[in-house]
Amino acid sequence: MPEPATGVALNTVEVRFTGGMLALNRLLMTLQNKRMPVAGFTLGRDGEGMRATITLDCPPEQALRYTAIISALEDVTEAGPAQTVEVALLETAADWRTAAEMAGIEAHEDDGTVVATGEPEKVDDFLASLGDGIDDMVRLGPVARPEGEAGGGV
Amino acid sequence: MPFYDALPDYPLRHVLTRHEQAAAHAADGYARSTGRVGVCVATSGPGATNLVTGLATAQMDSVPLVAITGQVGRPALGKDSFQETNVMGMTLPFTKHSFLVEDPNELYPTMRRAFEIARSGRPGPVLIDVPKDVQFAATNDNGYRRLKKAPPPVESPGLERTAMLLRSAKRPLILAGHGVTLGGAEMELRLLAERTGIPVVTTLLGISAFPDDHPLYLGWPGMHGQASVNRAIDRSDLLFAVGMRFDDRITGAVHKFAKDAKVVHIDIDPSELGKVVKPTVGIAADAKAAMRSILGHLDDISEGEGCEQWREELATSQEPERRRKESVRDEYGPIQVMEAIKGTAGPNLRLVTDVGQHQMWAAQFFEFTKANSHITSGGLGTMGFALPAAMGVAFAYPDDPVWVIAGDGGIQMNIQELATIREFGLNIKVAVLNNGYLGMVRQWQQFFHNRRYSETPITGPDYERLTAAYGLSGRTVREGDSVVDAIRWANEQEGCTFLDFHIDPEANVYPMIPSGMSVNEMIEEDGA
């Protein structure tokens, strides 16, 4: 039986690996074989090889154990916790700088559009504090970034 | 073909088993008994698929194995070619790692890397799939890339805390698993037990990690472990678990397992910590290094001074089992067979068991005083394992007596290997406990399915005539015959002999904790 989804603790794990499709196959098989509660899986490739961002829906200590399993795979060069951040693009006449500072997120203006980046809950707070002052808005959904990586626009 | 064409030019001893599954188990038996990497080879397609059970068996019990499979040539890959199969994909869930060698220049470093992966950290099986045209290609020793992973460090704040817990516990137990023998930590285990005076229990695969005849050894717990050992765990206030993974056959109902105990869990695989039982202290480290370090924190303890009252209590609790054992040792049956083998084979005996009732009887009634002298398939519970695994043991230790104990179900699953055993003149003695049933399943049917013996009665050949057909000698032994004489006769014969012991069809293994239950639901005897 897979472990039941908790729905309350999303832990993001950033995995870098080499070995192409075989390695990806092994990673996916491990997720399935160990019944990891995968809530999200994003795959990408850059100059250092392949990168998977896995969101696990389980308590943090379980996520650490799953990360150890993933880390033990020979193809995996790096596996560790990542921060989940969300980007919101909005047009507003309100004081978004003060609101961003109070919510603890990063925000800047780009060609008339405010780009707000931060943990999803904090982005929620930021948007709520602007209330009816938002003229238009798009939320891009949560993405992962390795913990400790410098902040800034995504 | 290219591999076998080149083979005679190299100083490798090749053993042609009659089935690839047996090759994997034989390599497994060699690895378990020696601590070295076992190697098996199979051809592509069905040869490769036949290895699957052997690889899964090795993976479940952390056995270092390298399996080399042939593959169709690179141009034929992905075209449903003759004897093409995706053995890599098929074995992904139960290999530690696998390689498809597509560049001949990668062959040499891949081989070396495979051996290092197989034996490093938590050992396991590694598969190397080599296309035919790569086998034909010329290549040189062109270097070796070292593994990226270093062993986990032993510097852990948990070590000192563990030492404190060991000092203060009133009813502690050491629970030692296969990781102790895999890590060559038998001496450290013994030193730790003797320094602290803490009694030792082992898992099924941990048997022989600690001498059975040592006064601190209690036995092994679990579904068919000794009742007194299960109760000792239930009463303990500290469980020092090393090189084991809290298998469900040990814990039963996890929430009731060692419910009053603090748990120290040491394992080389960090993902094992907290997987089943949440430890008070979890240490991801090699068993040998961790126990050495803990011993360093216990320098000031006088040997064996701790928990004397606890040891006395445990000794008293084991008395009824000792008396029961004494009372049945002269009755014809499985226990008498075990006693007779134990009594005649000498201290160098290496015992290889299959899976089922006999496996439990053997583990209960033998005394293992030598590391790696008890070989069995634990995690996967692979019937058919014992006979081929014993071949690996016999090749590793040609001068030691090697006994196989199997049931009449499991022995038929790889019986063809009698031909290999005969060909190589291996000195393997086989004792089959023949009850005409798949005995363990029948026992479950008796207890939990109202004796509906659905598809468990089995027939088999006349083993005396079968072994004669293979050019070997065998005997049938029934109630009224002398078990000791039969065992003695087998020991006196040159090479492999086969004893077919006809036993009570409804003999049961006791005690038994039903699956998913606790020590409180333990069944200790017929009608209980």
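Which residue of strand 13 of chain B does Arg350(B) stand opposite? Arg350(B) faces Val402(B) in that strand. This is a predicted model, in which local features need pLDDT of at least 70, side-chain atom pairs count only at pLDDT 80 or more, and totals for chains, interfaces and linings use all residues. Residues are numbered from 1 along each chain as its sequence is written, while chains are lettered from A and ligands numbered from 1 in the order in which they are written.

**Domains**

- Chain B is divided into domain 1 (2-136), domain 2 (157-314) and domain 3 (334-506); domain bounds come from an automatic or database domain assignment.
- The C-alpha centres of domain 1 and domain 2 of chain B are 36 Å apart.
- Their contact takes six residues from domain 1 of chain B and six residues from domain 2 of chain B. Two residues are in contact if their C-beta atoms, placed from the backbone, lie within 7 Å.
- On the side of domain 1 of chain B that touches domain 2 of chain B, one residue is nonpolar, three are polar and two are charged. Ala, Val, Leu, Ile, Met, Phe, Trp, Tyr, Cys and Pro count as nonpolar, Asp, Glu, Lys and Arg as charged, and the others, Gly among them, as polar.
- Chain A is assigned domain 1 (10-83) and domain 2 (84-146). Their C-alpha centres lie 29 Å apart.

- Six strands form an open, parallel sheet in the order 7-6-5-8-9-10. Strands (E, at least two residues) and helices (H or I, at least four) are DSSP runs, numbered from the N terminus. Two strands pair if DSSP finds at least two bridges between them.
- Strand 7 (217-219) and strand 10 (281-284) of chain B are the edges; each has a single partner strand, so one side of each lacks a neighbour in the sheet.
- From one strand to the next, the twist averages 20 degrees. Axes are lines fitted to C-alpha atoms, for helices over the stretch in contact, and angles run from 0 to 180 degrees between N-to-C directions.
- Strand 5 (172-176) and strand 8 (238-242) of chain B pair in parallel over five bridges. Ile174(B) has Phe240(B) as its bridge partner in strand 8.
- Helix 11 (227-235) of chain B packs on this sheet and touches strands 5, 6, 7 and 8. Its direction makes about 110 degrees with that of strand 7 of chain B.

- Strand 11 (350-353) and strand 13 (402-407) of chain B run parallel, joined by four bridges.

**Chain A strands**

- Strand 6 (113-118) of chain A pairs antiparallel with strand 4 (76-92) over five bridges. Glu86(A) is bridged to Gly118(A).
- Strand 5 (106-110) of chain A also joins strand 6 through five antiparallel bridges. Here Glu109(A) partners Val114(A).
- The hairpin of strands 5 and 6 of chain A has two residues between the strands, and Asp111(A) takes a positive phi near 55 degrees.

**Contact between the chains**

- Chain B and chain A contribute twelve residues each to the contact.
- Helix 5 (87-91) and strand 3 (97-100) of chain B each supply at least two residues of the side that touches chain A.
- That side of chain B has six nonpolar, four polar and two charged residues.
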